[in-house]
Structures are given as structure tokens and as C-alpha cells.
Amino acid sequence: MASVPSLASSVEQRVSDALASALPEAGATDPLLRRSDRADFQANGILALAKKAKANPRELATTVVEGIPTGDLIQEIEVSGPGFLNITITDRAIIETLAARAEDDRLGVALSPSAGTTVIDYAQPNVAKEMHVGHLRSAVIGAAMVEILEFTGEKVVRRHHIGDWGTQFGMLIQYLLEHPHELDHKGDDVSGEEAMSNLNRLYKASRALFDSDEEFKTRARARVVDLQAGEPETLALWQRFVDESKIYFYSVFNKLDMDIQDADVVGESGYNDMLTETCKLLEDSGVAVRSNGALCVFFDEYKGPDGNPTPLIVQKSDGGFGYAATDLSAIRDRVGNLKADTLIYVVDARQALHFKMVFETARRAGWLGEDVKAVQLAFGTVLGKDGKPFKTREGETVRLVDLLDEAIDRAAAVVREKAQDLSEAEIGERAVQVGIGAVKYADLSTSAARDYKFDLDQMVSLTGDTSVYLQYAYARIQSILRKAGAAKPVAHPELALAPSERALGLHLDHFGELVAEAAAEYAPHKLAAYLYQVASLYTTFYSECPVLKAETPAQVENRLFLCELTARTLAKGMSLLGIRTPEKL
């Protein structure tokens, strides 16, 4: 089915046509329509237009109003103040528009007319290292943006740029070579916990030996050379570390209810074959120059504390490659081979300077053309309740698995307290959906660039801006629909609407525009805020408007229709954020 024009866009078109008719010489004019607490909408564009045409704004507003038909879409328009238009929509138009949305699986949401190919780089843990709270935001924000962009029609290619290369592997591989059973498994079915336990133990033992035994240190450094040269036995052992780490990564992502495909995991090592060529192209074109033996790119605008330019180091003086060489090679691959017209990097805000330099270098080299957009979707830090970076009591970084387990435990207590007809197995299943949803929503309801406090008590609260509040609103609607018996959700445009029905209906109609805005601005927090408002308006509607005990059968059906469309909007919006909506809670 084709997309359904929103009430706002229909009103905007009517006002725009009337403006063009009143002042033809002004051409197409934006009526500057917005929601208003004085009416359904307010149009403010006449003031600027009158100023431009040297006309009296109030007189112009009166002329414009005379040219706008009322009755079907618009109930009334009044001129207010110096020339604002206060516009009220008919009840019929609200319900007819919502009925058209309800007919469509996509709720009438349009596909983007400018859809292209986006490569999004997110969820990038490090091989042989435990995932901690710092890995949460990239995964959660990235996964939500993938869903939002795909829903608008974008072709999205996921990339998980895992840290799977570097000098630390010399130490690890050498230790495994000398202690060959350290990564052996107890049985055929390996848990993520066992895989991580093996890697942790091996890492600590190899680090202790590296720090205390000079001969082992020499052998480990020689092993780095073998790894970089592609010596087969060394590469095979390196691959064991990668495979063992993936068992662990996938177990954590599975707990986060995220689908990570092996083909999308292209770590630092995936670009090794391109590094030498990337450096040669930069040096031959003059984009990069040698400075004290290192290959560097300089920028007038980026200077260190001493006032000297801060360069991007592509290749170190010892011949080793820096992160920049890998990131630049990845850009070449993503634009050249994957045909991306947008690149999104969901990475910590503290890497902002690095990515500014990388993007600018790629532009100078011609790898990022004018038709390709590169964006760092930068995120802030996860803080503890005390407002400081989140640590354990011992000052250690918090393990991500422990955090998720605790969220599920807290959620289980909330679900058990409210559960009326759920079995223990169902309580366990809902606890996971509520707990993981709570963690994701707390992250996504904050603007990505801001830090936020990780407060589980608040996250699993049934009141306030939490996913639990949204999930309970959805479950409450499902309960009403189950109790409706023979009564079915049916739209009745002929009925008059109560104020809380109108408010809910107008907000539901805004879903498509909001999704488009969240996609265009890479702002999942705007979708979260919209859904919270849906749940809040539904709560008001539910308290003010009896559904099953409404005055007439037609009113029962119409209110059931509003309930059902609210539930579908909540479910679709929550799914775009990666959050489940249980039918019963």
C-alpha cells in the first residue's frame, strides 16, 4: 500500500496553496506549521512573508484564511496575535487518516525517496578481551540505527570492526605454542563464559611471563614478525584466538538480543592486504609526507598544546601501521567495493579528532567524494549513580555480562510482583525481555552524544520514562483486546472525539514523520521520546475514556480501534529500537 500523508502535511499543503494564491509573487512559501497547545496546529510563516512583501501580517493572514476550504480536513482557522493561524482538524479527518494507516502493515510510513547504501560500523569488541560496559553503547545505538534506516528503505551493510590484530598477539600466540592445551574445551558445547574464562586465564598467564621472563619476551616479539609475515602456523594459532573470542562475543550479543552475522564481522585484519597500497597512494599523491621516518598527514586546524600541528600518523617510523591506515583502507573498501554513499561510525566521542582527520584525509585522497557522506555517530560515557565513569567497588571496569544479568534479575522481581497468570517459565522469559529492554531504552532515550547514569532501579521502574512503562502500556492494551469478546476494533469517523482521544490520535499520526526525522538525524532518542509520549497519552486516554464500557457499541469499536493502533505503533517503534513487547506482563 502507498504511504499515508499525515494530517500535518495535508494541512501544510492547504495553507501553502492559500499563501501562494494570496501572494503569487512570493512563490512557494513554508507555512512553518507546528503542533500547538492553543489548537491542533499553528502556522507562523505569514509573519516572514508579510515582512518580505511589506504587507500588514494580520491583514494578509485574514486573506489567506479566506482562501482555505474548511469542513472535510480543517474544522476552523482563527487568526491570532500579529498574524499566526490557529488550526483545528475535524474529528472525522483524524479517524479517517488513522484508519488508512491501520490498513497498512507499515502503518502508512513512507519509504525515503533518497534511499541509498549505508555502511554502519558498530559493536566492535576486542579479540581475547572481555566485553565491558564501554562496549554497550556502540552495540545498542548501532543496532537501533540499522533497524530505523532499513525501515525507511535504506540498504544497510553492517560492519563489526573488531580489534583482532596487533602486537599483543605475539605474546598470546607464543604462550599458546608453549602451552598447547590452554584453549582446550571440556566438551563439545562451549559456552561463551567458558571461552572467555580460557582467554582470560591465558592472557593473564602470558602477560605475567612476558613481564618477568626476558627470553619469553624476545620470543613473543619475534612471533609478532611471524604473524605480520603470514607464517602459516602462527596464523592458525591467531585464528584460534579469533574463533574462541567469537564464541564469547556471540553469547554476549545473543544476551543483548542482537543478531550479529559472521559475514559482517570484518576486523582490523580484514584490511591488512590493503595497508601498503593505501600508504603508497597517500605518499605518491602528496596527501601524506614523511616526518622523522613516519608517514603523516598534517592539518592546519589541529594543533597540540605546544602549538605544533598534530599529524595523523598512517605508518610509524619502524614500518608498523597505525589505526589510521586500517581506517583509511576500510573507507576505500566500503566506498569502492560496497558502493556506500553514507558511512556511519558508532564510536566513542573521545575519538572525534581521529575520525575528523581520517575523513579529511580520505577526502583529500579522493576516496570520499562529494557524493559520499561520512559521519561519526559519537556517544558519551556510561556513568555510575555517582556521576563518575562506571566502575566496580574495586575500581575495575564493569563486565557487560554481569550488568545484563543484574538487569534481568531486577526485572524478574518487577515482573513477579505484577504477574497474575504467568508461569515461572513465562516470568523468566519476560524478565529477559524487560531487563534487556530496560538497558537498551535507558541508553537510547538519551541523546547519543550525552553521558548518562546507569541506574538499574530507575531503568526497571514502572513509572517515568522507561521501557517498562512502554511495555506495560502495550500489555495493558493486549489485555483489553482479549477481554473485548465479540466487540472488534472498527474506525467510526462519524463519531465526535473526546479531547484525550484527539490528542492520542494526532500523535499516532505523527509516527511516520518522526521515524524519517530519527533516520535523517541518526537520532534514535527522538523515536524513544515519541514512544514515551504515545504511552503517556494512551494512559490519559485510558483513564478518561472507558473502552469496553463506552456509551454506544460504535464508541466501543472506535476506542478499541484507537487501542489497537496504539499497540501496533508501540510494537513497531519498540522493535526499531531492538526492544521486545510481551503480550502479557
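1. In this predicted model, aspartate 121 and arginine 334 are joined by a salt bridge between their side chains, at 3.0 Å from N to O. The two partners come from distant parts of the chain: aspartate 121 belongs to strand 5 and arginine 334 to helix 11, 213 residues apart. Aspartate 121 has a relative accessible area of 4%, and arginine 334 has one of 1%. Because the cut-off for buried is under 20%, aspartate 121 counts as buried, and so does arginine 334.

2. Helix 11, which carries arginine 334, covers residues 323-336. Its 14 residues reach 20 Å from the first C-alpha to the last, close to the 20 Å expected at 1.5 Å a residue. Twelve of the 14 residues are buried, so helix 11 is largely enclosed by the rest of the structure. Among the buried residues are Asp327, Arg332, Asp333 and Arg334. What do the buried residues of helix 11 pack against? Their partners are strand 5 (117-121), strand 6 (155-159), helix 10, strand 9 (312-315), strand 10 (342-345) and helix 12 (352-364).

3. Arginine 332, one of the buried residues of helix 11, has its charged end over the ring of tryptophan 367, 5.6 Å from the ring centre. A further arrangement of this kind involves arginine 35, whose charged end sits over the ring of phenylalanine 41, 5.7 Å from its centre.

4. The whole structure holds 37 salt bridges. One of them is between the side chains of lysine 255 and aspartate 405, at 2.5 Å from N to O. Lysine 255 is in helix 9 and aspartate 405 in helix 13 (residues 400-418), so this pair ties together parts that are 150 residues apart in sequence. Lysine 255 is partly exposed at 29% relative accessibility; aspartate 405 is also partly exposed, with a relative accessible area of 29%.

5. Within helix 13, arginine 410 and glutamate 406 are four residues apart, which means a separation of about one helical turn. Their salt bridge has its closest N and O atoms 3.0 Å apart. Arginine 410 is partly exposed at 29% relative accessibility, and glutamate 406 is partly exposed at 36%. Through shared partners, salt bridges join Lys385, Glu406, Arg410, Asp455 and Asp457 into one network.

6. Tyrosine 345 and phenylalanine 355 make a tilted pair, 5.0 Å centre to centre with 45° between the planes. This pair links strand 10, where tyrosine 345 lies, with helix 12, where phenylalanine 355 lies, the two being ten residues apart. Phenylalanine 355 also pairs with phenylalanine 359, again tilted, at 5.8 Å centre to centre and 50° between the planes. Phenylalanine 355 and phenylalanine 359 are both in helix 12, four residues apart, about one turn of the helix. Tyr345, Phe355 and Phe359 form one aromatic cluster. Tyrosine 345 and phenylalanine 355 are both buried, as are phenylalanine 355 and phenylalanine 359.

7. Serine 269 sits in the loop between helix 9 (232-255) and helix 10 (272-285). Is serine 269 buried or exposed? With a relative accessible area of 19%, serine 269 is buried. Its side chain makes a polar contact of 2.7 Å with the side chain of aspartate 164. Beyond its neighbours within four places in sequence, serine 269 is in contact with Asp164, Trp165 and Trp238.

8. Threonine 581 is in the segment after helix 20 (553-576). Threonine 581 is buried, with a relative accessible area of 18%. Leaving out neighbours within four places in sequence, its contacts are Tyr474, Ala571 and Met574.

Conventions
Residues numbered from 1 in each chain as written. Predicted model: local features only at pLDDT ≥ 70, side-chain atom pairs only at ≥ 80, totals over all residues. Heavy atoms only, no water. Buried < 20%, exposed > 50% of the residue type's maximum accessible area, 1.4 Å probe, protein only. Polar contact = N/O pair within 3.5 Å; in protein donor to acceptor, adjacent residues only side chain to side chain. Contact = heavy atoms within 4.5 Å. Expected span 1.5 Å × (residues − 1). Phe/Tyr/Trp six-rings, centres within 6.5 Å; stacked < 30°, edge-to-face > 60°. Lys NZ or Arg CZ within 6 Å of the ring centre and 35° of its normal. Salt bridge = Lys/Arg side-chain N within 4 Å of Asp/Glu carboxyl O.
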